[in-house]
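Open the model in your viewer and colour it by chain. The stops below can be selected one after another.

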Amino acid sequence: MKDIDLVIEICGSAGEGTISAGEILSRFMSGQGFEIMSFDSYPAEIRGFGKCVAHTRLSSNCIYSPGKLVDVLISLNDGHSISQLSTLKKGGILVYDSAPLKPHGEDKSVLGWAEPGTVTYGVPLTMLANRAAGNSRGRNMVALGAVVALFHMDGQSFTQSIQARYAKKKQVIIDANVNSFLEGFNWTKKHIEKTDSISFDGVIMPAGREKLIINGNQLVVRAALDANLKFYAGYPITPATKIMEILSKELPKNGGTLLQTEDEIAAIGAVIGAGFGGVRAMTATSGPGFALMTEFTGLSVMAEVPAVIINSQRGGPSTGIPTKTEQSDFNAAVLGGTGDCPRIVLAPIDTFSCYQATVLGLYLAEKYQTLVVILLDFFLSNSIRNIDIPVKPSQVFLDSNIAPTKAELENYQRYKVTPNGISPRAIPGTPGGIFFSTGLEHDEFGKPDYSDKGHLKMTQKRFDKHSFVLEEAPAPQISDFTGDMADIGVISWGSSAGAAQEAVMLARKDGIDAVSFSSMILSPFPEKALVAFADKCKKILVPELNYSGQFANFAVHIIKRPVERLNYITGRPMASEDILEKMRQM
Amino acid sequence: MPHYDHYVIIGNGPAGNHTAAILRENDGDAKITIISDENIFFYYKPKLTEYIAGGLTKAELMVPGLSFYREKKIRLRLGQKVDKIDPERKIVFLNHMEKIYYTKLVIASGSGARVLPSMRSYADCLKHITTYNQVMEYKEQIQTAGEFFIFGGDLVGFKFIKMLCKMHKQVTLLIYPNAFWPFNLTEKMQEIIVKNLSRQGADVLVNDDISQIIKKEDTYIVKTVKGVEQQVDLVFSFNGLIPSVEFAKGCGLDIDHGILVNETMQTNVPDIYACGSCAQIYNPKINSYTTSIGWANAVVQGKVTAMNLLGTHRVIESVDYKYFDLEGVEIKTTWWEDIEESSFI
Ligand SMILES: Cc1cc2nc3c(=O)[nH]c(=O)nc-3n(C[C@H](O)[C@H](O)[C@H](O)COP(=O)(O)OP(=O)(O)OC[C@H]3O[C@@H](n4cnc5c(N)ncnc54)[C@H](O)[C@@H]3O)c2cc1C
């Protein structure tokens with residue numbers, strides 16, 4: 001069977017159905033057994049203007065990154081699509097509206113700017129949508145119909161996908177969408193002479209397991225509920241808002257409580273309060289909110305109270321670029337704050353691991369009585385994948401508090417120094433488990449203690465816990481070495497890891513002996529594994545989505561040698577093509 | 001505010017490209033746009049017959065110098081068809097409903113296949129070789145087909161027949177003397193041609209005419225007035241070329257077969273010029289307008305057009321006479337030459 005690996009983008013204006021068209025396409029492809037990764041970019045404004053792009057990569061093989069360049073660009077809006085042409089591959093395909101209501105002014109049509117060599121298909125989107133439903137709203141469906149016909153996809157199944165998408169709507173809406181789709185499909189079959197070679201004819205994917213079509217934010221919610229989350233406090237902020245929005249409906253159904261606070265400071269305060277009370281609690285925010293939480297993160301560490309913060313990074317600093325992706329909160333998450341403040345930081349490397357990281361985060365926070373920061377980013381929060389349904393966590397992960405024994409409650413030392421640094425934690429209300437809890441430095445009973453020896457002892461205790469955390473975290477993902485030494489080792493983290501892994505695979509095909517390393521846990525960091533990896537690489541490359549190379553700087557301290565860096569702050573996810581290009585130059 | 005010209009050139013063939021090259025050489029500031037309804041870079045049309053036979057790669061079909069457009073800041077709009085012109089407002093309307101404003105317009109839209117009026121009802125059965133797109137449509141079919149019926153003749157047709165014979169295809173040619181437009185085929189010439197083509201393996205019919213073409217599944221049955229009946233895979237018509245000027249009709253431009261221009265390539269409408277095989281040029285010697293097909297003519301006309309647009313008065317002169325061999329007949333012409341890779345831009 002021939003392989004399919006395509007990137008399709010639909011570009012329109014907010015309110016033109018761009019994102020829903022992309023969603024229908026992705027769901028249909030997933031239903032057909034293809035891997036999908038889709039990613040939408042949209043303006044901060046709600047509706048009516050601003051460019052929207054629904055980006056979908058679909059493949060008969062495993063997908064690691066969204067794909068930088070596009071094979072097919074579907075333009076629902078000429079003005080916005082002109083700038084999007086720069087992402088179209090050489091010789092790519094442009095589908096455009098050949099009969100808009102009004103003529104375009106000079107240089108205002110997307111076709112006018114198509115690079116010579118682009119395969120262009122004009123479809124009268126507006127005219128056909130009007131014919132189907134009496135208005136032009138269904139242009140997005142007409143465009144989908146055209147694409148399905150052009151690439152010989154299964155029109156009937158696609159119609160069912162549209163029906164399923166609008167199943168909860170009135171019949172007239174379902175009909176308008178289906179009819180618009182069919183107009184585009186039939187018109188294209190009849191009028192377009194195909195000159196490209198993309199065809200799904202004869203491509204039948206084996207029926208696989210049932211898939212979950214989901215994005216990182218949704219998966220965080222699913223994981224949190226599966227991992228016994230009972231309290232959430234938060235303040236809405238892009239790109240994390242969706243987590244709160246879904247939890248506001250789902251958490252009460254699961255016996256939990258959601259509190260919308262007046263700001264992020266109150267939110268983390270409430271989470272720490274709930275954690276202190278023995279309830280699994282978390283909050284989700286983005287850079288600006290995370291900055292506000294800093295003081296309380298110190299309290300979580302000092303008072304040894306479990307707290308989980310999801311920080312979905314966006315372009316920063318400050319309000320920055322709210323709807324663009326970046327990995328620039330590494331320093332803030334791993335090193336930020338005041339005092340010697342050890343915390344656990346996890347960074348999922350793909351959509352699926354958003355689930356693992358959330359379950360693990362809630363578990364580790366409770367067990368190690370500390371702060372856990374989970375670093376997502378705009379891309380991970382919003383990109384949609386079709387994944388195997390995650391297996392629910394076992395009982396061990398649902399209740400990880402190490403409670404004091406009866407004997408320990410006799411003369412209860414809340415902050416007792418133990419071999420692994422974890423002091424048995426009494427939940428308030430436990431008979432005999434009364435203790436002081438404060439942000440001040442304290443002794444083993446929790447009473448304020450400012451002595452130099454006491455401060456050293458307790459600081460050491462809080463750090464000691466970390467060495468045990470590593471044993472419970474997933475081991476770093478390291479690709480196989482083909483020999484003793486590789487030419488290039490690519491070290492990555494978070495959402496850039498997929499692109500790095502893909503780039504390494506492509507590089508190997510190119511004859512470059514490359515290997516990859518990525519770790520979901522960033523703090524504590526698996527330093528030994530990194531050093532061992534680096535020792536077997538002639539050169540090291542660190543690609544990441546920030547300007548200053550935050551993770552590269554961190555890695556240099558561990559491996560004690562210079563690294564090559566690849567830093568982008570374009571607002572787009574890391575591209576394997578760019579990493580590969582950099583490797584070729586090294 | 002400085003004023004820059006916007007030269008809009010309709011046509012990406014030798015006439016259009018050479019106009020653009022000279023314009024840019026002499027006017028660094030002007031905006032220059034070339035529009036072509038074909039979605040392919042500048043290519044050697046004369047090599048299409050060889051390409052269709054598989055004797056050339058696509059790269060060999062292309063005129064070298066692709067970086068030219070970017071370097072020279074010439075905007076190339078490919079796959080965009082001109083629908084009409086509004087000379088009053090100086091607008092060119094594109095099929096995808098975009099308007100382009102020009103200060104000076106050059107029409108270099110070339111020519112397409114001439115379909116004989118008697119054959120219009122069979123238009124769906126007939127194939128032509130005048131553009132790359134057409135060639136792409138039948139390239140594979142030509143490779144697999146065994147039997148061909150060709151009627152007409154013309155110079156492109158002969159090139160094609162030669163190619164087919166080399167590919168060991170079964171070819172029947174029905175010669176239409178008037179297909180040799182614009183020169184007359186004498187009895188003597190015809191005799192020599194028939195002899196030559198027969199030697200190469202083609203069946204040649206003369207003094208006959210097609211009475212019917214019937215499509216039967218994937219084949220065609222061609223019947224002639226004299227009772228010949230043949231079942232073939234493909235039927236080709238080669239009856240000369242006709243200027244492609246549909247879009248220019250009705251806008252006030254004087255048009256006969258082609259767009260009428262004076263010796264400086266100017267049309268009757270201010271700021272509109274025409275050149276190449278879409279133009280009919282006034283010839284004071286015969287006090288009439290003639291069309292000059294052929295690559296070399298298109299190049300020269302493009303250059304002269306550009307010079308006149310730039311204000312340097314130039315009168316078009318015919319390119320030198322050349323002799324070439326048409327199946328054993330020596331033909332002297334100014335409008336046809338064997339194209340070598342000589343016409344870089
Ligand atoms: C198969 C074949 C073989 C030939 N062999 C020879 C040979 O051996 N020797 C020789 O001297 N000559 C030969 N010729 C003739 C020669 O190719 C032409 O005379 C020459 O190409 C004419 O150049 P031109 O620039 O005037 O037009 P063309 O090369 O025909 O170019 C016309 C351009 O105008 C564009 N155009 C037309 N209408 C529109 C529209 N409405 N909107 C936008 N764009 C439009 C077309 O897309 C094209 O880009 C041959 C021709 C053919 C078809």
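Across which strands of chain B does helix 8 (residues 295-309) lie? Select this helix in the predicted model. Helix 8 of chain B lies across strand 1, strand 7 and strand 19 of chain B. Its direction makes about 160 degrees with that of strand 19 of chain B.

Next, show the sheet itself. It is an open sheet of five strands in chain B, in the order 3-2-1-7-19, and the pairing is parallel. At the edges are strand 3 (74-78) and strand 19 (272-274) of chain B, each of which pairs on one side only. On average, neighbouring strands of this sheet are turned by 15 degrees against each other, direction ignored.

Now select helix 1 (residues 14-26) of chain B. Helix 1 packs on the sheet and touches strand 1, strand 2 (31-36), strand 3 and strand 7 of chain B. It runs at about 175 degrees to strand 2 of chain B.

Zoom in on strand 1 (residues 6-10) and strand 7 (residues 104-107) of chain B. These two strands run parallel and are joined by four bridges. Within the pair, B:Val8 stands opposite B:Leu105 of strand 7.

Select B:Cys275, which is buried, with a relative accessible area of 0%.

Key
Residues numbered from 1 in each chain as written. Chains lettered and ligands numbered in written order. Predicted model: local features only at pLDDT ≥ 70, side-chain atom pairs only at ≥ 80, totals over all residues. Heavy atoms only, no water. Buried < 20%, exposed > 50% of the residue type's maximum accessible area, 1.4 Å probe, protein only. Pairing = 2+ DSSP bridges. Axes fitted to C-alpha atoms, helices over the stretch in contact; angles between N-to-C directions. Contact = heavy atoms within 4.5 Å.
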